[in-house]
Amino acid sequence: MRKLIFALFLLLLSTPVVSAQQFDLVLDGGRVMDPETGLDAVRNVGIRDGKIVRISSDALSGRRVVHASGLVVAPGFIDLHEHGQDMASQRVKALDGVTAALELEIGAPDVAQFLKSKEGRSLIHYGTSASHVAARAAVFGAPLPAEVIGSQSGSPEILPKSGPATDQPATPEQIEAMRERLRAELDAGGLAVGMGIEYTPGATRLEVIDMFRLAAERRLPVYTHMRSGGVADPGSSIESISEVIGAAAITGAPLHIVHINSSCARDSLECLSMIEGARARGLDVTTEAYPYIAGMTAVNSALFNPGWREKRGIDYGDLVLPDTGEHLTKQRFDELHNSNTTRWVLVFSNTQEIVDKVIPHPLVMIASDGAEGHPRNAGTYSRVLAQYVREKGMISLMDALRKMSLMPAEMLGRSTPDARQKGRLQEGADADIVVFDAATISDRSTYAKPMDPSVGVRYLLVGGTVVVDEGKIVPDVFPGRALLGPGKRSALHR
Ligand SMILES: [Zn+2]
């Protein structure tokens, strides 16, 4: 009897607590930072139904309370440029603080297939551009495989082998066929037009302008890896950036230039001043960089068509196979370049001095260009926080967060209004949140061990669902949702 009374007493005691449990989850007492409003203060964050409902100094109660004191609570990082769309890559991205990773540089070869393959199976949010590279390959009768699941890494094959489909100019009819295909890909949910012009050197200046016209027709941006990263004219990075800024000016399409660090290398600061100039004239031009001196790409792609050594000022030995660490020779390069099997190769073409000038530049947002084989896949965001914020003191923590969350969200906002709820730690925003220890966050991936996950991210929330809990990936949760372009969104709302 006494036990029963005691139990009833406990029940009574707990009732008011139950009714006050208004949040699914509370992040308690963290240093809450929002780059848009400038909020940087100890606050409690209440989350319900995937949204940030309350940010307050008052104590909040929730079904779960995470003690975040001593930790930074910030908007989850948005990676506009991630080729590794497989689960292994998503896991290391999550441990690097990333809540959305999108394939926008080139784009998946088949938007509908890409979206279908990820639906209900994604740890973090995803999305893709419509691929000009793939549209061109299809029109030339050498289509890229659409299959995502069957590929070696689980990520789509995005770059064609160098050949007629990449190197020959298109007829006006072929250009129109590409535009037709891209329209269909945008209708399927593409967020932008993705152009890897260096991978399709046969594309004339007019073909490029025509693709920008198509993007402008849909009021969507073009993401581009520009025509050349050369150090001298013709084929210099200066010429290449002039081409795409010109196409943006002619057509009105917003322009995002990917990896300015590797595309412009030693001329990076000049390229950034050209973007500044274009913006000062009212053009919508943005850019991004990753914090490493090496790039990585397909060794049989048109990027390595004859003349690449002279153009970039690098040699065979600057190319390294990621899995073995083998430096290429002429003979080995020829063998791999001519192969039908796509192998990735690390390209050591930049200097630390240049990367250190590019990353802190106020126009530069952070994007990883990640894929399995390069440490940037796992380490980009933690590396910026460890090296540029903590060790070198070259960027304030708030500015780093702006480069990783708000700026990419604003860029994505050109493609979808859903992005306005992302990249912000504000009431009403999506609960895509990273909770990390600013004193210890570090990348651990190296060229020898590119998939070693970062340390220091304690919790990661994707749409309110905890996917990293006390520093570990939560198994079997797939809260990642598609970010869709207006073509698909209007179809859904019809
Ligand atoms: Zn690229």
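Which residue in S12 is the bridge partner of Leu-255? I looked it up, and the partner is Val-285.

**Ground rules.** This is a predicted model, where local features need pLDDT of at least 70 and side-chain atom pairs count only at pLDDT 80 or more, while totals for chains, interfaces and linings use all residues. Residues are numbered from 1 along each chain as its sequence is written, and side-chain values use heavy atoms, with hydrogens and water left out.

**The parallel sheet.** I started from the strands, which are DSSP runs of E with at least two residues, numbered from the N terminus, just as helices are runs of H or I with at least four. Two strands pair if DSSP finds at least two bridges between them. I traced an open sheet of six strands, in the order S8-S9-S10-S11-S12-S16, with parallel pairing. S8 and S16 are its edge strands, each pairing on one side only.

**Strand S9.** I walked along S9 (residues 193–196) and found both of its faces covered. Val-193 and Met-195 sit on one side, Gly-194 and Gly-196 on the other, and all are buried; buried means under 20% relative accessible area, exposed means over 50%, and partly exposed is in between (1.4 Å probe, protein chains only). S9 pairs with S8 (residues 130–131) over two parallel bridges, and there Ser-131 has Gly-194 as its partner. Toward S10 (residues 222–225) I found four bridges, also parallel. In S10, Val-193 is partnered by Val-222 and Gly-194 by Tyr-223.

**Strand S12.** How many of the residues of S12 (residues 285–289) are buried? Five of its five are. Val-285, Thr-287 and Ala-289 point one way, and Thr-286 and Glu-288 point the other way. S11 (residues 255–257) joins S12 through three parallel bridges. S16 (residues 364–366) also pairs with S12 in the parallel sense, over three bridges, and Thr-287 stands opposite Val-364 there.

**The antiparallel sheet.** Next I looked at an open sheet of three strands, ordered S13-S15-S14, with antiparallel pairing. Its edge strands are S13 (294–298) and S14 (319–320), each pairing on one side only. Five bridges join S13 to S15 (residues 344–348), and Thr-297 faces Val-345 across that pairing.

In H12 (residues 330–337), I marked Arg-332, Phe-333, Leu-336 and His-337 as buried. Seen down the axis of H12, the buried residues fall within an arc of 125° (taken from the directions from the helix axis to the C-beta atoms), so they line one face of the helix. The rule behind this pattern: an α-helix has 3.6 residues a turn, so residues three or four places apart point the same way. The cover over these residues includes H11 (308–312) and S14, by contact, meaning heavy atoms within 4.5 Å. I also found Gly-307 in the loop between S13 and H11. Buried or partly exposed? Gly-307 counts as partly exposed, at 35% relative accessibility.

**Helix H14.** I checked the length of H14 (residues 376–391) next. Just after H14, Gly-393 takes a positive phi of about 60°.

**The core.** Last, I looked up the largest nonpolar core, which has 73 residues. Such a core is a set of buried Ala, Val, Leu, Ile, Met, Phe, Trp, Tyr and Cys residues joined through side-chain atoms within 4.5 Å. Phe-77, Phe-212, Ile-257, Ile-260, Leu-385 and Phe-436 touch the most other members. H7 (residues 205–217) gives the largest share of this core, six residues. Leaving aside neighbours within four places in sequence, Phe-436 is in contact with residues including Leu-71, Phe-77, Leu-385 and Ile-441.

Technical notes:
The expected span of a helix is 1.5 Å times one less than its number of residues.
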